[in-house]
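Please go through the sequence and the model with this report at hand.

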Amino acid sequence: MSPTDRPDWYERGLPHIWLPYTQMLVTPPPLAAERTDGCTITLADGRILTDGIASWWTACHGYNHPAIAHAVQAQLARMPHVMFGGMVHEPALRLAASLADLLPGDLERVFFTDSGSVAVEVAIKIATQYWLNRGVQGRTRLLAFRGGYHGDTLATMAICDPEEGMHALFTGVLPQHIIADLPRDDGSTRALDALLHAQGQDIAAIVVEPLVQGAGGMLFHDPATLRRLRELADRHGVLLILDEIFTGFGRTGTMFACEQAGIVPDIVTLSKALTGGTMALSATVATRRVFEAFLSDDPMHALMHGPTFMANPLACAAANASIALFGQEDRLAQVAAIEAQMRAELETCRGLPGVRDVRVMGAIGVVELDHIADMPRLKAALVDGGVWVRPFRTIVYLTPAFTITAAQLSHLTRTIRTVLAAGPY
Ligand SMILES: *Cc1c(COP(=O)(O)O)cnc(C)c1O
């Protein structure tokens, strides 16, 4: 887009915007998005991009799904928002009940917030206070994993991968937690067992993204690893928090990733695809045992948390419509088809110069490179090829809407292959 094509709002507003994850001195200017439709994004200059990543993995039904749009419009006409202190409403209670139905085991008590990071913060707060309420002092640390990502707020940065969470840069600001390797095999399982044996008394909970560490680089582990974590948590008497913010709602092939391991966490966090990518909403869901630790005569045993826009009715209405669509349009069958197609088509990238690995799980497809030296050039080549794909670190990945057509998905995989073949970057 040449400067003369740029809309006036772009020219006037861009000098006042602070962009996410962006070195604003050198990065090329952002694209101007004008509208979305299904699996495409139309730019202000008229170009139409096929979307391969569903806006940070949220828009699982594609953009502008009429069922969600109608639900939000109807709710908007009735009640856009009302405070959740001392008052409840139909969209939130319907949503809480369906989440309790969908989730395994007795994960049945739902606390609503408005972003993934805050949902994880609430999980941390619940896990820590769980022990205090039961009269156990000193369990203030968390055990998380290398490669993990749990959000950008200060408390969640502290449980991200040390590099991703910039632990060195923010020394003195971030709380000190324990970051270990996932128990993928006998050796790492013994090491984690020993660590918990030595320091378990200090630990409130283990926190992990089940099956896929998303923003840390789309790193996969198997269900057995999750089962080991459940066993270790039980053996050492610590809580297990699963952060399903990325994996929840079908992304790995089952509604929730923990189903593939047959385990039930003590606390689970949800967001990203919760509203089908329409509105900001997140949830922290606890088991009955965890919730019951907060029931007492002591007012200080209550969970002292309450975001202003908690359980926003528009967002809850969107989430209810989104969850209904999983039944009405058989999303999990679509995920299986996407998985098969990506396996076949991305596999052809293996052997291209600089390609280190190709991996697929559910509707997540990853081409990992040895390194990416010129990220702006790679991103520009993808946009020139008519696709919206955002490589990061050393990976080019696809997390499309589950409603993507086979032809659109082929356009994405073909463009990635063509662009990578013209590398290195
Ligand atoms: C995106 C993400 C978060 C943070 O969610 P925000 O809404 O960006 O705060 C936390 N955990 C996981 C696994 C995520 O993918």
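The sections below cover the ligand site, the annotated positions, the cysteines and two further elements.

## Basis of the model

This is a predicted model: local features need pLDDT of at least 70, side-chain atom pairs count only at pLDDT 80 or more, and totals for chains, interfaces and linings use all residues. Residues are numbered from 1 along each chain as its sequence is written, and side-chain values use heavy atoms, with hydrogens and water left out.

## Ligand site

Gly116 places a polar backbone atom 2.8 Å from a ligand oxygen. Ser117 has a polar side-chain atom 2.6 Å from an oxygen of the ligand. Asp243 has a polar side-chain atom 2.7 Å from a ligand nitrogen. Taken alone, the ligand exposes 380 Å², and the protein buries 83% of that. These areas come from the Shrake-Rupley method with a 1.4 Å probe; for residues, only the protein chains shown count as cover.

Ser117 sits in helix α5 (residues 116–133). Helices (H or I, at least four residues) and strands (E, at least two) are DSSP runs, numbered from the N terminus. Ser117 is buried at 14% relative accessibility. Buried means under 20% relative accessible area, exposed over 50%, and partly exposed in between (1.4 Å probe, protein chains only). Beyond its neighbours within four places in sequence, Ser117 contacts His150, Gly151, Asp152, Thr153 and Thr156. Contact means heavy atoms within 4.5 Å.

Asp243 belongs to strand β10 (residues 239–243). Asp243 is buried too, with a relative accessible area of 4%. Leaving aside neighbours within four places in sequence, its contacts are Val120, Tyr149, His150, Val208, Glu209, Pro210 and Thr269. The side chains of Asp243 and His150 make a polar contact of 2.8 Å. A polar contact is a pair of N or O atoms within 3.5 Å; within protein, one must be able to donate a hydrogen and the other to accept it, and residues adjacent in sequence count only if both atoms are side-chain atoms.

## Thr156 beside Ser117

Thr156 lies in helix α6 (residues 154–157). Its relative accessible area is 0%, so Thr156 is buried. Outside four places in sequence, Thr156 contacts Ser117, Val120, Glu121, His150 and Gly151.

The side chain of Thr156 has two polar partners to note. A polar atom of that side chain lies 3.4 Å from the backbone nitrogen of Asp152. The side chain of Thr153 is in polar contact with that of Thr156 at 2.8 Å.

## Annotated binding sites

An unreviewed UniProt entry gives "binding site" for Gly116, Ser117, Asp243, Pro307 and Thr308. They span 193 residues in sequence, and the farthest two C-alpha atoms are 23.1 Å apart, so they do not all gather at one spot. UniProt positions are given in the numbering used here, feature names are shortened, and annotations may be inferred rather than shown by experiment.

UniProt (unreviewed entry) also places "binding site" at Trp56, Tyr149, Lys272, Gly306 and Arg390. These span 335 residues, with the farthest two C-alpha atoms 34.1 Å apart, so they do not all gather at one spot. Lys272 is in the loop between β11 (267–270) and β12 (282–287). Lys272 is partly exposed at 24% relative accessibility. Not counting residues up to four places away, Lys272 touches Trp56, Trp57, Thr58, Ile245, Phe246 and Gly277. Arg390 is in the loop between β15 and β16. Arg390 is partly exposed at 35%. With the sequence neighbours up to four places away left out, Arg390 touches Ile53, Lys379 and Tyr397.

## Cysteines

How many disulfides does the whole structure hold? The search finds 0. A disulfide is a pair of cysteine sulfur atoms within 2.5 Å. The closest cysteine sulfur to that of Cys258 is in Cys60, 17 Å away and too far for a bond. For Cys316, the closest is also in Cys60, at 16 Å, too far for a bond. Cys258 is buried at 1% relative accessibility, and Cys316 is buried at 0%.

Helix α13 (residues 375–384) has Met375, Leu378, Ala381, Leu382 and Val383 as its buried residues. Their cover includes β3 (48–51), β15 (387–388), β16 (395–398) and α14 (406–421). Just after α13, Gly386 takes a positive phi of about 85 degrees.

Gln213 lies in strand β8 (residues 212–213). Gln213 is buried at 2% relative accessibility.
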